[in-house]
Amino acid sequence: MVVRHSTTRRTVVAAVAAALSGCASSDESPSTETTANRSSTPSTTGENTTTEQESTDPPESPDEVARAFVTRLNEGEFQSAADLFDDALSRQVSATQLQGIWSRLQASFGSFEEISAVERRSDPPRAEVIVRVAFENGSRAVRLVVDDENAIAGLLFLESYSPPTYADQSAFTERELTLDGDCELGATLSVPDGDGPFPGVVIVHGSGPQDRDGTIGVNKVYQDLAWGLASNGVAVLRYDKRTYECSVSPEEATVDRVVTDDALAAVAKLRDAAPVRPDGVAVVGHSFGGAVAPRIAERDGNLSGIAMLAGNARPLYQLLPEQNRYIAELDGTVTDAEQERIERFEEAVRRLDEGEVDPEETIAGQPARFWLSVKEYDQVETAAGLDIPRLVCQGKRDWQASPDADFERWRSALGDEATYRLYDRLNHLFMPGEGQSTPVKQIQTGNVAESVVDDVAAWLPNDT
């Protein structure tokens, strides 16, 4: 049957001050431990119910901070809850605003019942934690970003996903699959009505732990793409990323282990499970997934094309200083702590570029082995060596992959042999907006622009 979702909107966006590096995840590379794991119990600070905690007791972990924040809201200690914010978030959200938000939630969903789960989706220094809260007449989720000093740097109250208007859910069906291997990855296959054969697409994630839908706040970037393409007669497979489902040890953390190998398994699964031509499957990679798409094509040897949506043309680690500087400068002031963080990233980039790192150490909070594999892989050279159709898409309001440094590098290297689309009003998630793109705007309710879906669908090779 076709999956259908509620069209209710977000209750309120309080604020988000987190740097979403690489893609839309709060960390810039694969986490070596995944606590928001579908196959294991979510990370919690105790039982899945509220526990008594004195508001004066300082929480000692991101999970404890998240649980304490919601507990203090429920106990009416709004100033104490606001005291958990970092300086930037304190300037944006007051105790009075928190009281108003909590009052509206209870007016809509009834009295508070319990904290049903606390899920860690990434680790410090920018830990993303989801607190699932049960009310008398429903449940809601609170997304927090906790920094390395256990201060809340980002806050978002979530409601439900709204499907895009261009998705015709009567035009396709969906079923659940599993990518077999040492880590079973859940997947969803969307197949258009009819006999086929259809053009096929595998969607490949950006950096950081991500589910198959590309869930960012209330939005579902990859579900938008899948439903839009399936409505246009394309069979689409999307899957949970390895770092979302399973832990990856530092000794195994490479581009291939984290991204390429599973993408190849997904391509094989699509060819086997859907009525697509064996040589009619393309990869659509987003952000870091777009950068790795050429490698996936090179290793597969039989893809019909690759689409690189906001793919970084430079090594991923080289983007980190400018991403963090962009975030720091949004309020017009770069604090000493922000400048120190930027300089740490700059030093990490220098050491990686000059070969001064040991594979066993940790760089920028992640295994150096992963960054070294990123350095060894030249996505532009690999893409230039492919003899298949290539599509490069970029939003002009993207602050995570540069329309100048990245998009123009793709265009310079691939020349007339590739197809290019540059969208004036779109951000890194290919959602429309006005003015300067920010993390707050980027995570507000929206959908992937229909023009992007149409362009990808029209570009796909469809020789039947």
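**Exercise 1. In this predicted model, find how many bridges join strand β4 to β5, and which way the two strands run.**

Step 1. Go to strand β4, residues 138-147, and then to strand β5, residues 152-158.

Step 2. Look at the bridges: six of them join β4 to β5, and the two strands run antiparallel.

Step 3. Now follow the chain through the hairpin of β4 and β5. Four residues lie between the strands, and Asn150 takes a positive phi near 60°.

**Exercise 2. Decide whether strand β5 is enclosed or open, and say why.**

Step 1. Go through residues 152-158: seven of the seven residues of β5 are buried.

Step 2. Strand β5 is therefore largely enclosed by the rest of the structure.

Step 3. For the wider setting, turn to the whole chain. Of its 464 residues, 59% count as buried, and the chain holds 15 helices and 17 strands.

**Exercise 3. How many aromatic pairs does a search of the whole structure find, and what geometry does the pair of Phe172 and Trp227 have?**

Step 1. The search finds twelve aromatic pairs.

Step 2. Take Phe172 and Trp227: their rings are 6.0 Å apart, centre to centre, with 55° between the planes, and the pair is tilted.

Step 3. Check the burial of each partner. Phe172 counts as buried because its relative accessibility is 0%, and Trp227 is buried too, with a relative accessible area of 0%.

**Exercise 4. Describe the pair of Phe407 and Tyr420, and find which residue lies over the face of Tyr420.**

Step 1. The pair is edge-to-face, at 6.2 Å centre to centre and 85° between the planes.

Step 2. Phe407 is in helix α13 (residues 403-414) and Tyr420 in strand β17 (residues 419-423), 13 residues apart.

Step 3. Phe407 counts as buried at 0% relative accessibility, and Tyr420 counts as buried at 15%.

Step 4. Arg411 lies over the face of Tyr420, at 5.7 Å from the ring centre.

**Exercise 5. Which residues do ring pairs link into a cluster?**

Solution. The cluster is made of Trp102, Phe109, Phe112 and Phe135.

Note on methods. Residues numbered from 1 in each chain as written. Predicted model: local features only at pLDDT ≥ 70, side-chain atom pairs only at ≥ 80, totals over all residues. Heavy atoms only, no water. Phe/Tyr/Trp six-rings, centres within 6.5 Å; stacked < 30°, edge-to-face > 60°. Buried < 20%, exposed > 50% of the residue type's maximum accessible area, 1.4 Å probe, protein only. Lys NZ or Arg CZ within 6 Å of the ring centre and 35° of its normal. Pairing = 2+ DSSP bridges.
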